[in-house]
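Let's take a walk through this fold together. Please have your viewer open, so that you can follow each stop as we reach it.

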Amino acid sequence: MQNNLQQSQNLILKQTLSLKQIQYLNLLAMNVTELDDYLNSVYEENPVVELSRELGDDKEGSIDFFTWLNSEKETAGQSWKDDDIPSEITPKGQIFDEKENLFAHLKSQFDFSLRDFDISLLDILLASLDKRGYLVCDEEKIAQKGYDIELVHEAISYLQSLDPAGIAARSLSECLELQLKRQGVSDSDTFKIVREHLEDLSKGYFQKIAKSLGCDVDKVRAIYEKIKKLNPIPASGFGSEIPFSYIIPDVTILDDNGQLTVRYNKNFESRVSINKSYMDLAKADKEAEKYIKEKTNQALWVMKALDSRRTTIERIVCCILETQEDFFKFQGSLKPLKLKDIAVKLNIHESTVSRAVNDKFLECQRGIFPLKHFFSSEVAQARDNSEPSLSAESLKKRIAQIIKGEDSKKPYSDSHIIKMLESDGIMIARRTVAKYRSELGIPSSSIRKKK
């Protein structure tokens with residue numbers, strides 16, 4: 001029996017990430033709050049590093065977040081009256097641990113079955129929470145961004161079902177009412193006091209309330225004790241002194257007499273510099289020179305990485321602005337845009353674009369949006385290809401407009417909607433119409449029909 005031994009060589013090209021490259025990818029994926037925490041940790045560990053804020057002049061039309069975040073805080077428990085930086089990398093590095101804040105706490109409870117369209121809407125609502133955890137937004141304006149008003153209401157109800165109880169309330173009364181329902185309270189007098197008699201209750205007018213409700217004064221006192229144990233500020237206890245810094249936009253689109261420009265928000269990003277006194281110490285003390293040189297190189301890398309991060313985000317937003325100019329300038333609909341489109345244009349990897357837009361926000365005259373909001377796939381094409389293709393968001397808005405103009409006694413079927421779209425030169429499958437109608441929260445024609 002003869003054994004044939006054969007030796008072969010295979011050449012395999014494999015990209016290996018250095019520690020610095022992984023650290024940069026982590027840095028790129030961080031949001032404003034995470035970046036601030038990271039820079040503070042660098043500052044505490046590296047004696048050569050100095051941190052300072054880059055506070056610039058706010059231009060007209062932009063939100064003064066510095067004033068907003070430092071405004072007088074409402075206190076819970078008181079009265080509850082009204083080269084090492086890669087250009088393209090495929091593997092995904094590990095992300096730095098983040099301090100628990102309300103934003104992260106709420107997102108961690110999102111159901112895995114939620115669609116991207118739902119999550120995009122929920123992100124907009126999360127960005128509309130104030131420092132108390134109350135929802136402060138115009139629901140109609142949110143609906144104008146391409147969401148059916150009923151779907152907006154459903155999304156608010158979904159947020160209100162999350163922990164902590166009372167989150168996303170639109171008033172103090174609603175906040176307390178949500179907490180009572182979570183506790184299983186069903187007494188009608190309790191809810192009536194919360195809705196109509198909070199001011200009298202805070203003044204101790206128990207007799208007046210009892211007379212209005214037609215109940216015993218002792219019952220009013222018992223309800224008072226129960227309400228006192230509720231939390232009028234559901235966001236208390238989360239994050240740091242500025243628990244809602246996550247809604248600070250990373251970039252702002254400015255309109256200067258019709259000329260749109262991108263401005264990176266430096267107001268809440270710490271500026272890293274080097275303490276020169278340590279450089280003098282290194283010259284005077286040879287034993288300390290090696291240590292100081294090592295720490296100085298680390299500080300220089302952080303400065304370079306921050307500059308690269310800023311440039312990458314600015315370039316990506318400039319591409320978004322170029323594609324979605326109608327959205328920003330004329331209140332138009334979004335056009336199809338994929339992460340890959342920007343990656344090809346900027347000659348970087350798609351995963352780099354993904355990290356750069358993840359958990360980042362943009363401010364413009366139409367409001368504050370997650371950067372992911374501006375990406376949507378092409379779902380329909382004009383019959384003769386003479387017109388630009390339609391994004392999912394544009395098509396949903398068109399379907400909503402068609403249904404809004406229908407006769408409630410003879411609502412349009414999905415097949416009829418397809419014919420109306422085809423008459424406008426838009427070719428689309430019936431299942432796509434049904435899918436987007438469902439995502440808009442609009443029921444079928446048989447359910448919409450009024451007798």
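What follows is a tour of some helices, the paired strands, the nonpolar cores, the cysteines and one loop.

Before we set off, a word on conventions: this is a predicted model, in which local features need pLDDT of at least 70 and side-chain atom pairs count only at pLDDT 80 or more, while totals for chains, interfaces and linings use all residues. Residues are numbered from 1 along each chain as its sequence is written, and side-chain values use heavy atoms, with hydrogens and water left out. Helices (H or I, at least four residues) and strands (E, at least two) are DSSP runs, numbered from the N terminus.

Our first stop is helix H7, which covers residues 149-160. Its 12 residues reach 17 Å from the first C-alpha to the last, close to the 16 Å expected at 1.5 Å a residue; the expected span is 1.5 Å times one less than the number of residues. At the start of H7, a side-chain oxygen of Asp-148 comes to within 3.0 Å of the backbone nitrogen of Glu-150. The buried residues of this helix are Leu-151, Val-152, Ala-155, Ile-156, Leu-159 and Gln-160. Here buried means under 20% relative accessible area, exposed means over 50%, and partly exposed is in between, with a 1.4 Å probe and protein chains only.

Is Glu-174 buried or exposed? It counts as buried, because its relative accessibility is 17%. Leaving aside neighbours within four places in sequence, Glu-174 is in contact (heavy atoms within 4.5 Å) with Gln-160 and Ala-169.

Cys-175 also lies in H8, and it is buried, with a relative accessible area of 0%. With neighbours within four places again set aside, its contacts are Tyr-134, Gly-166, Ala-169, Asn-231, Pro-232 and Pro-234. The C-alpha atoms of Cys-175 and Ile-233 are separated by 8.3 Å, although the two residues are 58 apart along the chain.

Move along to helix H9 (residues 188-196), whose buried residues are Asp-189, Thr-190, Phe-191, Ile-193 and Val-194. They pack against H8, helix H10 (198-203), helix H11 (206-213) and helix H12 (217-228).

Now for the strands, which pair if DSSP finds at least two bridges between them. Strand E2 (residues 251-256) runs antiparallel to strand E3 (residues 259-264), and 6 bridges join them. Ile-253 has Val-262 of E3 as its bridge partner, while Val-251 stands opposite Tyr-264 in E3. The hairpin of E2 and E3 has 2 residues between the strands, and Asn-257 takes a positive phi near 55° there.

E2 also has a parallel partner, strand E5 (residues 361-364), joined to it by 2 bridges. On this side, Val-251 stands opposite Leu-362. E5 in turn pairs with strand E6 (residues 367-370) in the antiparallel sense, over 4 bridges. A hairpin of 2 residues joins E5 to E6, and Cys-364 stands opposite Gly-367 in E6.

Not counting residues up to four places away in sequence, it touches Pro-249, Val-251, Ile-253, Val-317, Phe-328, Gly-367, Ile-368, Phe-369, Leu-371 and Phe-374. A nonpolar core is a set of buried Ala, Val, Leu, Ile, Met, Phe, Trp, Tyr and Cys residues joined through side-chain atoms within 4.5 Å. The largest one has 70 residues, of which Ile-320, Phe-328, Ile-342 and Leu-362 touch the most other members. Helix H14 (residues 286-323) gives the largest share of this core, 11 residues. Apart from it lies another core of 23 residues, including Leu-178, Phe-191, Ala-210 and Leu-230.

How many disulfides are there? Counting pairs of cysteine sulfur atoms within 2.5 Å, the total comes to 0. Cys-318, for instance, is in no disulfide, and the nearest cysteine sulfur, that of Cys-319, is 7.1 Å away. Cys-318 is partly exposed, with a relative accessible area of 40%.

Our last stop is Tyr-412, in the loop between helix H18 (392-404) and helix H19 (414-423). Residues up to four places away in sequence aside, Tyr-412 touches Ile-402, Gly-405, Glu-406, Ile-417, Met-420, Ser-445 and Arg-448. Tyr-412 and Lys-449 are 37 residues apart in sequence and 9.2 Å apart in space, C-alpha to C-alpha.

Technical notes: Polar contact = N/O pair within 3.5 Å; in protein donor to acceptor, adjacent residues only side chain to side chain.
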